[in-house]
Amino acid sequence: MFYALARPLLFALDPETAHHLALKTSGLAALFAAKPPACPVRAMGLDFPNPVGLAAGLDKQAEYVDALAALGFGFLELGGVTPRPQPGNPRPRMFRIPQARAIINRYGLNSVGVDAFVENLRKVRTKTVIGVNIGKNKDTPNDKAADDYEICLEKLYPHADYVSLNISSPNTAGLRDLQNAEALAHLVRRVMQKREQLRHRHGRNVALALKIAPDLDDAQIRDIAAIARREGIDGIVATNTTLSRAGVESYANGMQAGGLSGAPLRERSTRVLRILSQELKNEIPLIGVGGIFSGADTVEKLDAGASLVQVYTGLIYRGPGLVSECVAACLARSTGGTSQAP
């Protein structure tokens with residue numbers, strides 16, 4: 001009810017302004033949000049109170065962690081964060097396409113930098129599972145990218161439960177080239193070796209995941225699965241936003257540059273999940289993200305092979321009630337019940 005009243009006001013604002021206002025009032029929204037039932041899941045060596053998480057990109061700087069956790073998420077993925085601060089692309093850089101329940105963004109990995117990000121994490125009080133999405137700085141060449149990921153991992157290690165390597169943002173030139181087999185194998189090997197050093201130093205394990213694009217062909221997806229298995233990656237997040245404009249090309253803002261998220265992404269991201277699941281056969285947990293707007297969408301991701309799911313654009317359009325609905329659908333599925341879309 002609270003969000004139903006607030007949404008017309010938020011949607012009357014510029015999307016980025018509305019984004020920040022919604023985050024600032026998320027603590028208030030949490031007071032009205034229904035608390036989801038318990039639906040515990042173990043994945044990546046971690047215990048999640050429920051399998052529904054927040055996708056990276058909403059709380060980019062880890063400024064609203066406690067308020068967002070109070071909405072009932074089983075985990076939060078924060079960021080993306082880069083080693084050095086960078087402003088991202090100039091505004092406007094976020095566009096709603098309400099007719100398609102979609103958003104295009106070209107933020108460009110705007111980041112306060114990992115040092116300021118860590119200071120924000122030090123203030124967090126919640127015990128919710130925390131993931132952090134990390135990337136390279138825009139001006140770091142790809143042959144030096146592993147250095148940037150190592151810097152972020154080392155500084156975040158005491159404060160995160162898992163770290164997701166963002167190799168798939170469409171808004172940093174050349175970043176998706178890191179998904180190519182040779183480059184990816186080199187990057188993952190370097191970061192895994194760094195994780196092993198940090199594990200011994202800190203006496204705790206931080207899981208490592210890959211966040212991949214929805215625009216890969218079948219062979220590329222299989223290559224990623226093989227590398228993830230060989231190198232011992234703990235999880236794969238499928239997927240980031242798409243460069244496709246299928247389903248939005250006729251709408252205002254539909255051809256804006258950037259990554260498309262929301263309902264038009266659902267089938268594309270679920271396809272990637274299915275291929276990964278077929279290749280990996282439950283050897284590596286999968287996190288399904290892309291186009292989740294209902295409990296039924298959540299079940300679709302789980303049926304495609306996901307152990308966990310994440311929401312972002314659906315949360316913007318549906319509000320915090322989506323979290324409880326998705327958790328209830330997960331619980332119904334696990335106990336043999338049924339889930340109904342709203």
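Leu156 touches Val81, Val114, Phe117, Val118, Leu121, Val132 and Ile134, when residues up to four places away in sequence are not counted; contact here means heavy atoms within 4.5 Å. The structure is a predicted model, in which local features need pLDDT of at least 70 and side-chain atom pairs count only at pLDDT 80 or more, whereas totals for chains, interfaces and linings use all residues. Residues are numbered from 1 along each chain as its sequence is written, and side-chain values use heavy atoms, with hydrogens and water left out.

Leu156 lies in helix α6 (residues 145-156); helices (H or I, at least four residues) and strands (E, at least two) are DSSP runs, numbered from the N terminus. With a relative accessibility of 0%, Leu156 counts as buried; the classes are buried under 20% relative accessible area, exposed over 50%, and partly exposed in between, with a 1.4 Å probe and protein chains only. Between Leu156 and Gly131, which are 25 residues apart in sequence, the C-alpha to C-alpha distance is 9.9 Å.

For the chain as a whole, the secondary structure comprises 12 helices and 13 strands. The radius of gyration is 18 Å, close to the 20 Å that the globule rule gives for 342 residues, so the chain is as compact as a globular protein of that length. This radius is taken over C-alpha atoms, and the globule rule is 2.2 Å times the number of residues to the power 0.38. Along the principal axes, the C-alpha atoms fill a box of roughly 50 × 45 × 40 Å. Of the 342 residues, 58% are buried. Among contacts with a separation of 6 or more, 74% are between residues 24 or more positions apart. The chain has 40 positive and 33 negative charges, and their mean positions are 3 Å apart. Lys and Arg count as positive and Asp and Glu as negative, while His and the chain ends are not counted; the place of a charge is taken as NZ of Lys, CZ of Arg, CG of Asp or CD of Glu.

Asn240 is placed in the loop between β10 (235-238) and β11 (259-262) and is buried, at 10% relative accessibility. The side chain of Asn240 forms a polar contact of 3.0 Å with the side chain of Ser168. A polar contact is a pair of N or O atoms within 3.5 Å; within protein, one must be able to donate a hydrogen and the other to accept it, and residues adjacent in sequence count only if both atoms are side-chain atoms. Beyond four places in sequence, the contacts of Asn240 include Asn166, Ser169, Lys211 and Leu265. Pro214 is also in contact with Asn240; the two residues are 26 apart in sequence, with C-alpha atoms 6.4 Å apart.

Arg176 belongs to the loop between β8 (162-166) and α7 (181-202) and is buried at 15% relative accessibility. The side chain of Arg176 reaches the backbone oxygen of Thr241 at 2.6 Å.

Ser26, in helix α3 (residues 26-32), is buried with a relative accessible area of 4%. A polar atom of the side chain of Ser26 lies 2.6 Å from the backbone oxygen of Leu23. Apart from residues up to four places away in sequence, Ser26 touches Tyr64, Ala67, Leu68 and Leu71.

Most residues other than glycine have a negative phi, and most peptide bonds are trans. The bond joining Gly79 and Gly80 is cis, with omega about 10°, and Gly80 is in strand β4 (residues 75-81). A cis peptide bond also runs from Ala238 to Thr239, with omega near 20°; Thr239 is in the loop between β10 and β11. Met44, not a glycine, has a positive phi of about 55° and lies in the loop between β1 (41-43) and β2 (46-48). Asn282, likewise not a glycine, has a positive phi of about 70° and is placed in the loop between α9 (266-280) and β12 (286-289). Met44 is buried, with a relative accessible area of 8%, whereas Asn282 is exposed, with a relative accessible area of 70%.
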